[in-house]
Amino acid sequence: MKKLTHKLAVTTALVSTLILGAANVQAQPTAEVLHYWTSGGEAKAVKALKEDFEANGGKWVDAPVAGGGGDAQAAVLRSRVLSGNPPAAVQIKGPNIQEWAEAGALGDLTQLGKQEGWDNVLPPLLQDIVKHDGKYVAVPVNIHRVDWIWINPEALEKVGGKPPRTWDEFNTLADKLQAAGIIPLAHGGQPWQDATVFETVALGIGGAEFFNKAFVELDADTLKSDTMVKVFDQMRKMRGYVDADFPGRDWNLATSMVMRGEAGMQIMGDWAKGEFIAAGKKPGKDFLCIPTPSNGGYILNSDSFAMFNVTNEDDKAGQTLLASLILGEKFQETFNLFKGSIPARMGVSPDKFDECAVKSMVDLQVSSKAGSLVGSVAHEIAASGAVRGAVLDVVTEHFNSDMTSEAAVARLAESIELAE
Ligand code: BGC
């Protein structure tokens with residue numbers, strides 16, 4: 001508590017100094033915050049940020065845009081920036097941060113970063129995401145792991161199944177669930193959700209080197225390889241494991257199908273854990289978290305807030321306050337406990353985190369050393385918007401038609417080449 005009070009005092013003093021330096025009147029730190037955190041667990045997490053901001057004198061203007069994965073929000077952001085009225089803080093990620101910085105749309109947080117020692121508390125991996133030309137233009141809130149299977153333990157027990165360690169075991173378990181009248185895979189047919197499943201399969205079947213060659217280096221031979229054909233073969237199997245009502249379903253509704261035991265599994269990042277936790281469910285008892293089969297892989301996703309160019313002093317003060325709070329140790333703990341993710345900041349105690357989060361923390365270190373850590377394509381970390389769009393289009397088209405794996409692979413290579 002003493003530490004927290006001290007931190008708040010430092011933050012308030014810093015904000016006042018910056019404000020008084022800029023104008024002789026006391027500004028009210030204000031931030032219009034554009035985000036897409038509208039599900040149960042997400043809303044709890046964003047509320048924690050809002051409350052922290054308000055407790056420190058900030059005025060929060062909430063601007064949520066429903067739609068998992070952020071594709072709906074991206075359209076709103078573009079039109080706000082084009083009309084010359086950007087929100088102060090926006091939840092964006094990866095190359096998208098770089099693209100907005102390149103366009104000159106982002107403010108510079110470097111001075112604040114220096115004062116608060118961000119270089120010492122942020123892992124280099126995340127610094128690369130939130131810095132542009134060596135300047136801080138965004139602040140990371142978390143690290144989400146994408147490659148998880150969420151399992152209903154009762155459904156598993158009912159069919160005498162075991163958590164799968166290979167994709168063959170996954171298929172065997174899915175077949176057993178199906179035979180027992182349980183939907184094997186809870187899924188929402190939206191392009192970003194299809195791509196989420198696809199990238200876990202690609203990592204599992206091809207490995208990290210294959211993944212990076214295909215989606216980061218955009219190597220045509222890898223994109224057209226037999227391994228990629230096998231990835232689409234597995235996607236075809238997955239299509240057989242979803243129920244008839246899957247098109248358009250939101251990801252959190254798919255998570256509730258697993259909670260209710262209507263479905264046995266869901267493949268989704270650990271924001272799904274935020275839903276289980278918000279519903280009062282306990283890991284290890286009411287649900288299991290198992291990494292999707294791969295050779296020690298880890299697919300990383302990280303949410304950040306980028307601060308867009310604003311001119312008014314209240315908004316500038318709001319951006320400084322918000323950025324400072326986001327990287328605070330206490331906030332990183334509170335927020336990530338709700339969100340299902342792990343802290344972006346190093347050195348936050350793991351004590352309050354559950355077994356899934358601790359596994360994510362450990363696996364992140366191990367995979368990083370082993371070279372099996374990759375950035376998410378579906379969640380905009382590893383690929384530009386254009387490449388991500390090409391992957392989403394082809395994966396979704398394949399999933400929703402009888403396109404062969406060979407045709408999908410040819411289409412993928414072609415679309416990625418056009419997107420480059
Ligand atoms: C974001 C998460 C969010 C999820 C569902 C992901 O891309 O990183 O923060 O909870 O999409 O909307």
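**A helix contact and other parts of the fold**

Phe210, Ala214 and Phe215 in helix 11 are in contact with Thr227, Met228 and Val231 in helix 13. Sorted by class, this contact has five nonpolar residues, one polar residue and no charged residues. The model shown is a predicted one.

Two packed helices are described by the angle between their axes and by the distance between those axes. For helix 11 (residues 208–215) and helix 13 (residues 226–240), the angle is about 100° and the axes are 11 Å apart. Angles of 65 to 115 degrees count as roughly perpendicular, and helix 11 and helix 13 are therefore roughly perpendicular to each other. An α-helix has 3.6 residues a turn, so residues three or four places apart point the same way. In helix 11, Phe210 and Ala214 both take part in the contact, and in helix 13 Thr227 and Val231 do.

The next part involves helix 10. His187 sits in the loop between strand 9 (183–185) and helix 10 (191–206). With a relative accessible area of 4%, His187 is buried, because the limit for that word is under 20%. Apart from neighbours within four places in sequence, the residues in contact with His187 are Gln193, Asp194, Val197, Val242, Phe246, Arg249, Ala254 and Phe399.

Asp194 belongs to helix 10. Asp194 has a relative accessibility of 1% and so counts as buried. With neighbours within four places again left aside, its contacts are His187, Gly188, Gly189, Met235, Val395, Thr396, Phe399 and Asn400. Asp194 and Glu397 are 203 residues apart along the chain, and their C-alpha atoms are separated by 9.8 Å.

Strand 9 pairs with strand 10 (residues 263–267) in the parallel sense, over two bridges. Leu185 has Met265 in strand 10 as its bridge partner.

Cys289 is in strand 11 (residues 288–291) and Cys356 is in helix 18 (residues 355–370), so the pair links distant parts of the chain, 67 residues apart. The link of Cys289 and Cys356 is left-handed, with -100° about the S-S bond. Cys289 is buried at 11% relative accessible area, and Cys356 is buried at 2%.

A further open sheet has four strands in the order 14-7-12-15, also with mixed pairing. Strand 14 (342–343) and strand 15 (373–375) stand at its edges; each has a single partner strand, so one side of each has no neighbour in the sheet. Strands of a sheet pair through backbone hydrogen bonds, either parallel or antiparallel. Two bridges join strand 7 to strand 14, and these strands run antiparallel. Here Ile143 stands opposite Ile342 in strand 14. Strand 7 and strand 12 are joined by two bridges and also run antiparallel, with His144 paired to Asn301 in strand 12. Strand 12 (residues 298–301) and strand 15 run parallel and are joined by three bridges. Tyr298 has Leu373 in strand 15 as its bridge partner.

Strand 7 (residues 142–145) is covered on both faces: Asn142 and His144 lie on one side, Ile143 and Arg145 lie on the other, and all are buried.

Helix 15 (residues 271–278) is mostly covered as well, with six of its eight residues buried. The buried residues are Trp271, Ala272, Lys273, Gly274, Glu275 and Phe276. Gly280 follows helix 15 and has a positive phi, near 80°.

Conventions
Residues numbered from 1 in each chain as written. Predicted model: local features only at pLDDT ≥ 70, side-chain atom pairs only at ≥ 80, totals over all residues. Heavy atoms only, no water. Axes fitted to C-alpha atoms, helices over the stretch in contact; angles between N-to-C directions. Parallel < 35°, antiparallel > 145°, perpendicular 65-115°, else oblique. Contact = heavy atoms within 4.5 Å. Nonpolar A, V, L, I, M, F, W, Y, C, P; charged D, E, K, R; others polar. Buried < 20%, exposed > 50% of the residue type's maximum accessible area, 1.4 Å probe, protein only. Pairing = 2+ DSSP bridges. Disulfide = S-S within 2.5 Å.
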